[in-house]
Amino acid sequence: MTEYVVLLMGDAERWWDMPDEERRAGYALHDAFSVQLEERGHRIVGGAELRRASEARTIAPDTDVVTEGPWAETREQVGGFYIVESGDLDDLLDCCKLLAATGDAVEVRQCVSPEERPS
């Protein structure tokens with residue numbers, strides 16, 4: 001099995017500002033995604049919904065200064081992620097279409113395995 005991170009990218013403030021009914025519908029899609037992954041042989045091994053990007057703290061490269069807010073000054077930020085073990089990337093991508101239905105972009109990237117790291 002290969003490990004992938006599924007990044008949820010979108011307007012970080014939109015999710016927090018939407019009415020509760022819309023958020024419940026979004027959570028329902030995430031629940032359906034989790035069920036579909038399990039039914040199709042994938043396995044979620046980690047992940048989290050992230051708080052507002054405006055609550056982030058950032059340390060820039062080569063400095064020890066901590067600033068408030070996200071590193072990237074863009075409207076779109078990472079709002080959450082899943083770590084998924086899968087033997088079928090194409091099928092995993094098909095499952096991720098459920099997440100895109102929430103209005104967020106979904107980026108899937110393979111994780112570097114310990115064997116790939118220099119010794």
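Tutor: Two strands are said to pair if DSSP finds at least two bridges between them. With that term in hand, the sheet can be described. The model is a predicted one, and its chain holds three helices and six strands. Read from the N terminus, the elements follow the order β-α-α-β-β-β-β-α-β.

Four of the strands form an open sheet, in which the order is E2-E5-E1-E6 and the pairing is antiparallel. Strand E2 (43–49) and strand E6 (105–110) lie at the edges with a single partner strand each, and therefore one side of each has no neighbour in the sheet. From one strand to the next, the twist averages 20 degrees. In general, the strands of a sheet pair through backbone hydrogen bonds, and they may do so in parallel or antiparallel fashion.

E1 (residues 2–11) runs antiparallel to strand E5 (residues 76–86), and ten bridges join the two. Within this pairing, Met-9 stands opposite Val-78 of E5, and Gly-10 stands opposite Gln-77 of E5. Helix H3 packs on the sheet, where it touches E1, E5 and E6, and the direction of H3 makes about 155 degrees with that of E6. E1 is also joined to E6, by six bridges, and these two strands run antiparallel as well.

How enclosed is E1 by the rest of the structure? A residue counts as buried when its relative accessible area is under 20%. Seven of the ten residues of E1 are buried, so the strand is largely enclosed by the rest of the structure. For the chain as a whole, buried residues make up 28% of the 119 residues.

Helix H3 (residues 89–100) packs with helix H2 (residues 20–39) at an angle of about 165 degrees, and their axes are 8 Å apart. An angle over 145 degrees counts as roughly antiparallel, which means that H2 is roughly antiparallel to H3. Their crossing is right-handed. On the H2 side, the contact involves Leu-29, His-30, Ala-32, Phe-33, Gln-36 and Leu-37, which meet Leu-92, Cys-95, Cys-96, Leu-98 and Leu-99 of H3. Sorted by class, this contact has nine nonpolar residues, two polar ones and no charged ones.

Asp-62 is found in the loop between strand E3 (57–59) and strand E4 (66–68). With a relative accessibility of 85%, Asp-62 counts as exposed. Most residues other than glycine have a negative phi, whereas phi of Asp-62 has a positive value, near 60 degrees.

Finally, some figures describe the chain as a whole. Of the contacts with a separation of 6 or more, 77% are between residues 24 or more positions apart. Along the principal axes, the C-alpha atoms fill a box of roughly 50 × 45 × 15 Å.

Conventions
Residues are numbered from 1 along each chain as its sequence is written. This is a predicted model: local features need pLDDT of at least 70, side-chain atom pairs count only at pLDDT 80 or more; totals for chains, interfaces and linings use all residues. Side-chain values use heavy atoms; hydrogens and water are left out. Axes are lines fitted to C-alpha atoms, for helices over the stretch in contact, and angles run from 0 to 180 degrees between N-to-C directions. Angles under 35 degrees count as roughly parallel, over 145 as roughly antiparallel, 65 to 115 as roughly perpendicular and the rest as oblique. A crossing is left-handed if the near helix is turned anticlockwise from the far one by less than a right angle, and right-handed if clockwise. Contact means heavy atoms within 4.5 Å. Ala, Val, Leu, Ile, Met, Phe, Trp, Tyr, Cys and Pro count as nonpolar, Asp, Glu, Lys and Arg as charged, and the others, Gly among them, as polar. Buried means under 20% relative accessible area, exposed over 50%, partly exposed in between (1.4 Å probe, protein chains only).
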